[in-house]
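The following note sets out points for a colleague to consider when examining the coordinates. It begins with the surface and then turns to architecture and selected residues.

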Amino acid sequence: MLAALALVAVPGPNHLYITARSIGEGRRAGVASALGVETGTLVHIAAAAAGLSAVVAASATAFGFLRYAGAAYLLYLAYRTFRGGDDPAETRLRPRPIGRVYLDGALVNVLNPKVVLFFLAFLPQFVDRDAGAVPLQIAVMGLVLVLIGLVADLGYAVAAGSIGGWLRTRPAFRRRQRYATGLIYLGLGAGAVFAGPAARRA
């Protein structure tokens, strides 16, 4: 728990994504993104407990597919944000259906190869092979990490949503909002491309 608290205290890509979504589309979108991101984390925990994460990390093909799929999805989000809807002259970022926002958050995290490597490096350090089934230990510790992470994510969502509500009253911010959010997605996509060992060979 102490290690998990130390980790979530440092802002990371998920916090940046949730903050951008919350500022751009409001507090509800930020909360939905936080729930989606942690749903994606649950998928990674299940994969780590079942041993699938180790298989993906060891396979150049599987890891490469995950890396480029995650980058492609973030680039798609950036394109959708820059486009701003059906009206090219629209300067504000239109809120998306809340279910779609939730799904975006889940997919962004599920397709993030850095999360695969994180669980392989972090959770096994705390496994006690004399304390029972290893998969169960990983699942329990992963759930603790999710709960702590969710509290932090919701804090970012609420705070950024409040700031965004104030910023959206300013015309200059409204004009630049869509482009700033799109650039954040582009940056996260670039980070996904270079995730993991760059020299990984087939």
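1. The chain exposes about 10300 Å², of which carbon and sulfur atoms supply 70%; accessible areas come from the Shrake-Rupley method with a 1.4 Å probe, and for residues only the protein chains shown count as cover. The model is predicted: local features need pLDDT of at least 70, side-chain atom pairs count only at pLDDT 80 or more, and totals for chains, interfaces and linings use all residues. Residues are numbered from 1 along each chain as its sequence is written, and side-chain values use heavy atoms, with hydrogens and water left out.

2. The chain holds 9 helices and 0 strands (DSSP runs numbered from the N terminus: H or I of at least four residues for helices, E of at least two for strands). Of the 202 residues, 41% are buried (under 20% relative accessible area; exposed is over 50% and partly exposed lies in between, with a 1.4 Å probe and protein chains only). Among contacts with a separation of 6 or more, 83% are between residues 24 or more positions apart; contact means heavy atoms within 4.5 Å.

3. Glutamate 38 lies in helix α3 (residues 27-50). Its relative accessibility is 8%, and it therefore counts as buried. Leaving aside neighbours within four places in sequence, glutamate 38 contacts Val146, Gly149, Leu150 and Asp153. The C-alpha atoms of glutamate 38 and leucine 147 are 8.5 Å apart, although 109 residues separate the two in sequence.

4. The structure holds 4 aromatic pairs (rings of Phe, Tyr and Trp, the last by its six-membered ring, with centres within 6.5 Å; planes under 30 degrees apart count as stacked, over 60 as edge-to-face and the rest as tilted). Tyrosine 17 and tyrosine 185 form a tilted pair, with 5.8 Å between centres and 40° between planes. This pair links distant parts of the chain, 168 residues apart: tyrosine 17 is in helix α2 (residues 13-25) and tyrosine 185 in helix α9 (residues 171-193). Both tyrosine 17 and tyrosine 185 are buried. Ring pairs also join Phe118, Phe122 and Phe126 into a cluster.

5. An unreviewed UniProt entry annotates "transmembrane region" at residues 44-66, 101-123, 143-167 and 179-199; such annotations may be inferred rather than shown by experiment. In the model, residues 101-123 are 87% helix and 0% strand, with end C-alpha atoms 29 Å apart. Residues 143-167 are 100% helix and 0% strand, and their end C-alpha atoms lie 35 Å apart.

6. Leucine 103 sits in helix α6 (residues 98-110). Its relative accessibility is 42%, so leucine 103 counts as partly exposed.
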